Amino acid sequence: VGFQDRRYDERGQGDPGFWRRVLGEGDNFFNWGVPLFRVFGITVRLHMLFLLVIVARLLNSMRPDQIGPGQTAIMLLCLFTMVLLHEFGHCFACRRVGGEADDIVLWPLGGLAMCRPPNDWKAHLITTLGGPAVNLALAPILGAAVYAVTRNWDAVFFNPLNSTRGAVAAWDAGQLGAWLFWAHAANIYMFLFNMCLPMYPMDCGRIVQELLWPRVGRDKSLHIATSLGLFMAVGVGVFALMMNLMSLFGVALFAGFTCWQQKQNLRFMAASGMSDGPEFPTAYQQKDTAKERSKYAAALKEQQRRQAEEAEVDRILAKISQQGMDSLTRSERKALERHTQRRRSGQG
Ligand SMILES: [Zn+2]
């Protein structure tokens, strides 16, 4: 097993207990999630922040001018389902191209599928497109369902910048109309949001990076995409503050942090002479940030050592076949012996 194939997390050794399951190794805030269920071999977890937001939203909805906790719960459930389906799209696309995907964390700001596609731009691009593809496929289905119930085109083709008219049209048709409208609107917003902002690690930002990859190399493309992402994050963050849109501000903060962290990783890899080497997982793909980094460095060193040893053994074997066993120097014999011994003891 090469180290690329080796799983990074070491959970699942015995019963780690509830808090350990929720907080993981502890260091990485991105992984503080409550496990909800497991489908298709994918564990779906709810981030602690999401729990807080749900409680806050429900409490807020009890105010007299609000829609009430019952309706709010249904609205959140619609959003939750849409986010989950989008993330499943990433996971299945990732598996389709030969990658691994077994974990989804639902954030208040959306979902994070922990995808590990093969280290190549096409596999990454297909994994990224898998999410928005789900929204695109669902749009006509949900749109048709909304129309079937409301008989009102205003609810289907609502204005994304001001959805009040569409929502009112849906409400007029009763409960079912309202729920379907929420699911339909959540689906459209997810698609627009992911595809319109080239802000890494949002899908559009990733697509920019993945299209640049074959032209300038993986690390350079990441460098460009995260610089653009930081720039966008600042712009979107300022805009969100001006318009008092706290969720959007949260997304900008998250994107900005991810870009900054990815840049740190790139700097770390360049300094260690590992540019365009094995992939370094981004913050939310890691179980534990500091440990992950040293583990990565150790694994890479070990891989390089093995490659060097194998090349040396190949050279020695070629020498034997050309010049015979007697031509070997003492150190070459030693190297060959060492290699054979390691093979025998099953470490090679
Ligand atoms: Zn996505």
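User: What does cysteine 91 touch, not counting residues up to four places away in sequence?

Analyst: Cysteine 91 touches Ile42, Ala101, Ile104, Ala113 and Cys115. Contact means heavy atoms within 4.5 Å. A caution: this is a predicted model, where local features need pLDDT of at least 70, side-chain atom pairs count only at pLDDT 80 or more, and totals for chains, interfaces and linings use all residues. Residues are numbered from 1 along each chain as its sequence is written, and side-chain values use heavy atoms, leaving out hydrogens and water.

User: What makes a set of residues the largest nonpolar core?

Analyst: A nonpolar core is a set of buried (under 20% relative accessible area, 1.4 Å probe, protein chains only) Ala, Val, Leu, Ile, Met, Phe, Trp, Tyr and Cys residues joined through side-chain atoms within 4.5 Å. The largest one here has 31 residues. Cys91 is among those with the most contacts inside it, as are Met82 and Phe181. H3 gives the largest share, eight residues.

User: How do you know what length to expect for helix H3?

Analyst: Helices are DSSP runs of H or I, at least four residues, numbered from the N terminus. The expected span is 1.5 Å times one less than the number of residues. H3 has 28 residues and reaches 40 Å from its first C-alpha to its last, close to the 40 Å expected.

User: Why are S1 and S4 called edge strands?

Analyst: Strands are DSSP runs of E, at least two residues. Two strands pair if DSSP finds at least two bridges between them. The open sheet has the order S1-S2-S3-S4. S1 and S4 each have a single partner strand, so one side of each is left without a neighbour in the sheet.

User: What makes S2 and S3 a pair?

Analyst: Four bridges join S2 to S3, and the rule asks for at least two. They pair, and they run parallel.

Note on methods. Buried < 20%, exposed > 50% of the residue type's maximum accessible area, 1.4 Å probe, protein only.
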